[in-house]
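Okay, thanks for coming, everyone.

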Amino acid sequence: MSLPISITVAQKAGPKLTATALGVVLTVLVALPLLHLLPADSAMYVSAYTLTLIGKILCYCIVALALDLVWGYAGLLSLGHGLFFALGGYAMGMYLIRQSAGDGLPAFMSFLAWTELPWYWYGTSSFLWAMCLVVLAPGLLALVFGFFAFRSRIKGVYFSIMTQALTFAGMLLFFRNETGFGGNNGFTGFTRILGFDITAAGTRAVLFLATVALLVGSLYLGFKLARSKFGRVLTALRDAENRLMFCGYDPRGYKLFIWVLSAVLCGLAGALYVPQVGIINPSEMSPTNSIEAAVWVALGGRGSLIGPLLGAGLVNGMKSWFTVAFPEYWLFALGFLFIVVTLFLPKGVIGLLRRKSS
Amino acid sequence: MKRRPLLKSTLAASALLLSGLFPFTVQAAETIKVGILHSLSGTMAISETSLKDMALMTIDEINAKGGVLGKQLEPVVVDPASNWPLFAERARQLLTQDKVDVTFGCWTSVSRKSVLPVYEELNGLLFYPVQYEGEELSPNVFYTGAAPNQQAIPAVEYLMSEDGGAAKRYFLLGTDYVYPRTTNKILRAFLHSKGVADKDIEEVYTPFGHSDYQTIVANIKKFSAGGKTAVISTVNGDSNVPFYKELANQGLEATDVPVVAFSVGEEELRGIDTKPLVGHLAAWNYFQSVENPVNSAFVAKWKAYAKAKSLPGADKAVTNDPMEATYVGINMWAQAVEKAGSTEVDKVRDALAGQTFAAPSGYTLTMDKTNHHLHKPVMIGEIQDDGQFSVVWETSSPIRAQPWSPYIEGNDKKPDYAVKSN
Amino acid sequence: MPTAVCRFFLFLILLLPLASHAGDAADFAAASPAKQAKLLESWAAAPDAARLPLLEALQQGRVAADSDKTPFIENAGRYQAVEGAAEPVGSPRKLRLNNRLRGLIASAMASHQLLADDPAVRLAAARHLQKSAKPAQLGLLDARVASEENQQVRDALSLALANLQLVDSNPAVRLAAVRLLGETGDPLARTRLETLLDPAVENDAGVRTAAETSLAQVKRKLLIGELLGQAFSGLSLGSILLLAALGLAITFGLLGVINMAHGEMLMLGAYSTYMVQIAFQKLAPDYLALYPLAALPVAFFVTAGVGMALERTVIRHLYGRPLETLLATWGISLILIQLVRVLFGAQNVEVANPYWLSGGIQVLPNLVLPYNRIVIIGFALFVVVLTWLLLNKTRLGLNVRAVTQNRNMAACCGVPTGRVDMLAFGLGSGIAGLGGVALSQIGNVGPDLGQSYIIDSFLVVVLGGVGQLAGSVLAAFGLGIANKILEPQIGAVLGKILILALIILFIQKRPQGLFALKGRVID
């Protein structure tokens with residue numbers, strides 16, 4: 001574990017192969033939304049179903065990547081990343097619901113007999129401010145939580161359980177109708193984004209491309225970080241925090257930075273996820289979802305950058321297929337997958353690939 | 001309006017073209033595809049699994065009678081796994097990939113809200129079989145469960161009557177989500193209109209999956225010292241068992257403080273020892289214990305089906321209100337398709353208006369001409385020690401649904417016919 | 001001549017009750033619900049011992065009527081005419097009762113039981129009448145108070161009478177009644193006294209001041225009851241959290257396995273209880289009430305067996321990689337949930353409280369302690385003591401502690417670490433199974449049972465300090481009581497959120513929990 005695995009893979013398999021594979025995937029991802037713009041009876045047409053399904057999985061890939069930055073590199077297993085994802089989603093949802101409500105209040109508020117928007121809804125009709133919220137809400141929460149947690153040197157299992165409690169508390173809070181986020185129903189029924197019809201082929205294509213761009217961007221960022229001195233310090237921190245401290249490093253700043261960055265990436269992924277699937281609701285914050293995200297990372301291979309993407313894609317692809325083909329056996333399959341991966345593939349799928357290629 | 005024939009002809013043309021190209025699609029076209037969108041895993045599986053089985057039984061029954069328009073119905077079962085975004089994804093899949101002509105599904109309001117934009121966008125047809133809060137009327141959904149005025153208000157009227165105990169104080173207890181909130185809002189306005197003051201109404205909400213009802217039952221007791229009290233419970237799902245157990249163990253009996261529940265049916269009582277609960281009430285539009293030939297046949301069919309398919313717990317199989325609503329919905333849709341001579345959504349929608357069906361509840365139910373809801377009878381049942389209900393009160397005839405309750409401000413301006421939600 | 005007339009009338013009067021109650025049951029069976037209510041009220045005002053069997057049968061829901069409206073009492077499937085020896089025409093149908101009638105039947109029953117020979121029965125009846133007596137019963141109560149010999153019963157009756165005398169025309173009677181009511185802690189007395197404070201209702205100033213004093217007395221008593229109730233519910237919630245978390249305190253706290261399948265061990269324990277209940281229903285219906293006791297060893301060994309099997313096949317490969325045990329055990333939990341769902345169905349199964357776990361003991365007029373909760377508190381303490389003894393007084397416990405503190409050193413000393421791990425994991429799972437038996441008595445038994453306890457369990461163990469049994473005990477009761485103090489103030493939802501926030505803050509302050517393991521180990 002001396003070097004991030006992706007780099008090792010690249011070194012072993014030769015940069016050519018990796019680059020070609022990445023290039024092919026990227027081309028396909030860019031081509032998909034364009035094919036969606038074709039007329040529906042064309043042979044090459046990509047349906048809205050396929051596009052939103054892949055778009056959703058790409059958002060999950062970003063979450064997996066973000067989680068991998070803190071878990072794979074800094075050794076902090078967060079079981080609360082669903083919270084950051086949902087916060088970003090809610091910030092976007094606030095904007096979307098304001099768009100579809102027009103000048104009036106969102107339907108769930110008029111239903112609660114509220115006559116004006118609560119203060120925290122201020123300015124959410126502006127796309128720009130909503131985008132700021134997408135970054136600020138998860139970012140600030142992560143900053144505060146991280147500041148205190150790292151200051152008191154909470155780590156390992158304790159950290160995981162605390163993050164789980166955090167997302168659980170968030171879920172309960174957002175379930176309350178009085179919190180002002182639509183309670184259990186959350187936000188649905190979006191119609192327009194920036195004036196465009198949200199169900200139009202063009203809007204879907206743009207949202208998809210934005211997701212691809214965010215994914216590529218975060219991948220690039222992760223790659224740069226992993227190769228920088230910062231990334232090395234993080235890895236050292238993961239493997240032996242005390243020794244690092246004796247070397248004169250203060251781990252708090254490093255941890256806090258990567259932790260907040262990861263939360264913000266999650267928030268952005270959530271913001272792109274909501275207009276594509278059309279709903280945001282507190283169950284996104286349920287601890288189960290966050291655990292599942294950890295599984296994507298573990299399955300793909302933590303400590304690598306490509307691994308989590310593979311993991312998220314594999315699990316979600318399987319889920320979509322299994323819950324249709326064998327709905328009753330889906331949980332068995334998922335359960336066995338977890339066990340098999342942890343027992344036999346401690347380095348994930350990417351580790352398997354690496355072993356094959358070497 | 002002018003575009004429709006054109007669209008239709010292009011559709012027909014392309015269908016012709018496609019069928020020419022791919023002979024296997026002709027075979028597939030001989031069946032009519034029916035989507036079933038109920039969670040088979042996750043938290044909602046407890047309620048929704050039996051609706052899936054009921055839908056399959058009804059489809060088998062229709063197929064045995066020769067199908068619809070001479071074609072067999074082909075069920076397409078998918079599992080949205082109690083995951084709300086997945087509901088939308090599965091709905092889109094049913095409509096665009098499997099090309100189903102109609103979908104029967106959803107239980108929770110949030111799942112319906114999640115799939116609604118998809119059905120409106122793609123002009124699909126959804127039958128929703130569960131009692132709900134109203135405040136919605138989509139042209140693409142038919143609601144075969146009760147609206148609040150078909151369940152909640154008659155129940156409270158009963159509690160106010162001499163036979164119901166002439167309650168003076170009301171403890172509204174619910175799980176914190178939209179259905180209880182709306183129902184309680186409507187009930188509060190209704191109680192005000194009957195001269196009940198705010199100090200005699202207490203409203204309490206618990207989170208999902210709440211399991212410790214000690215404090216709440218103690219509060220109910222305290223509240224009930226102030227006069228004849230009734231509890232109106234919109235407690236959801238799993239929380240009912242600990243609630244009723246606590247109620248019984250703290251010695252609060254139905255004769256002192258009756259509890260009328262809107263989400264507790266035969267299926268939920270299967271998991272409870274009902275002996276301490278005798279006398280508590282539930283309001284529905286159907287009970288398994290209703291005595292009439294249609295219902296006896298219906299119950300017998302279901303029991304035989306459960307046994308034949310060896311469903312879990314088949315020896316104790318029960319029917320309940322949402323199952324009846326599913327059964328009625330599928331049959332009404334089949335009748336409407338026959339009448340329209342086509343499965344096309346716009347034609348079926350028109351044919352559904354005014355459609356009637358002799359339901360197991362013992363009444364001939366009518367689909368309203370405009371508002372997509374059934375006219376339903378309301379029954380109040382008392383819990384018996386065998387887990388069944390005995391009907392203590394019922395309306396003399398089916399009543400029309402008011403999806404936009406007059407007790408909620410601003411609803412008087414909402415049209416009483418279906419329009420797209422946005 | 002006059003004597004003859006008198007005799008004749010006397011004879012008639014004597015005959016009257018006979019004639020009328022010869023038809024009591026028939027009248028009742030033929031009446032409309034409103035008339036039935038009237039009948040019951042009149043019976044309550046004028047009890048007659050001969051009516052007792054009818055009332056008893058009514059209360060148990062055993063009265064039926066045939067198509068001629070002739071009343072019968074059902075007894076083990078056979079119908080016996082209440083009056084005369086008629087045979088049922090067709091099959092009789094049970095009389096339909098509603099809650100109002102049931103209430104009136106209970107009240108009439110109490111009236112009739114005042115005539116019983118057993119003072120205990122009379123006392124219970126008098127207590128019932130304190131709640132339900134109607135003005136029409138005033139005369140009856142008056143007469144009974146005068147003729148009652150048992151002091152306790154008389155006191156209870158005078159209270160029931162006092163409730164009715166609050167509206168007496170004589171201020172002196174009212175005053176006495178008000179004073180008497182002040183000595184009870186009955187929540188109903190509070191409402192009754194409160195209405196007397198209004199000059200429009202009570203015109204006598206003396207009675208009003210007395211009502212105020214009495215009200216203050218009653219309120220004080222009610223407050224005591226409420227506080228005790230809160231304390232009890234806090235303890236009860238704490239004991240449930242403790243039972244849910246105790247197994248985890250071993251598998252996670254001692255062995256370091258982040259056992260996400262812990263909730264499913266609880267669930268398996270609850271399902272074992274269900275299976276034992278079914279077996280008792282089938283094989284030994286006479287001893288059905290004892291099934292929870294029989295379920296204890298069954299649940300323990302079933303879950304311990306499952307736990308040991310899991311330890312041998314999966315978990316032993318993962319020691320020292322705690323975060324990975326999280327994933328594997330999460331997978332196990334998914335499989336177990338779905339397995340149970342396939343085997344038993346997604347619906348909850350019925351686990352009934354036996355009679356000795358149903359109902360509760362009335363400690364104060366506004367405080368009932370349910371038996372199942374009392375037993376669970378006791379059981380939780382029993383399990384804690386058992387676990388403590390096992391860990392601290394047995395060879396296995398010694399080995400477990402040795403292995404968890406220093407695996408290599410223990411191995412060097414000849415401790416079979418593999419075996420110890422297996423047994424310890426089995427023990428933790430078994431204790432979770434015992435918790436499952438207890439949980440089955442207060443809540444749902446369904447495939448998702450474990451999921452609702454897993455987060456709370458982890459919080460208890462982490463808050464208490466990993467590896468500390470005493471910490472877990474303290475944390476569980478602390479959380480339970482804090483929860484129950486907060487809930488009435490801010491509601492269940494916010495209360496829970498606040499507790500979670502407090503735990504997060506507390507862990508910032510004391511990252512090792514309440515009880516930290518002292519040591520100088522550093523990695």
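Let's start in chain C, where helix H4 (residues 52–59) packs against helix H5 (residues 99–113) at an angle of about 145°, with the two axes 10 Å apart.

The crossing of H4(C) past H5(C) is left-handed. So which residues of H4(C) meet H5(C)? They're Leu52(C), Leu55(C), Leu58(C) and Gln59(C). On the H5(C) side, you'll find Ile105(C), Ala106(C), Ala108(C), Met109(C) and His112(C). Sort the residues of this contact and you get 7 nonpolar, 2 polar and no charged.

Okay, over to where chain A meets chain C. Here 36 residues of chain A are in contact with 33 residues of chain C. On chain A's side, four helices each supply at least two residues: H6 (127–151), H7 (156–175), H12 (287–300) and H14 (330–344). Which helix gives the most? That's H7(A), with 11 residues.

Last stop, chain B. Its mean pLDDT is 87, and 93% of its residues reach 70 or more. But look at residues 1–28 of chain B: the pLDDT there is below 50. Beyond near neighbours in sequence, that stretch has 4 contacts in the model. A word of caution, then: where pLDDT is low, the predicted coordinates should not be read in detail.

Conventions
Residues are numbered from 1 along each chain as its sequence is written. Chains are lettered from A and ligands numbered from 1 in the order in which they are written. This is a predicted model: local features need pLDDT of at least 70, side-chain atom pairs count only at pLDDT 80 or more; totals for chains, interfaces and linings use all residues. Two residues are in contact if their C-beta atoms, placed from the backbone, lie within 7 Å. pLDDT is the predictor's confidence in each residue, from 0 to 100. Axes are lines fitted to C-alpha atoms, for helices over the stretch in contact, and angles run from 0 to 180 degrees between N-to-C directions. A crossing is left-handed if the near helix is turned anticlockwise from the far one by less than a right angle, and right-handed if clockwise. Ala, Val, Leu, Ile, Met, Phe, Trp, Tyr, Cys and Pro count as nonpolar, Asp, Glu, Lys and Arg as charged, and the others, Gly among them, as polar.
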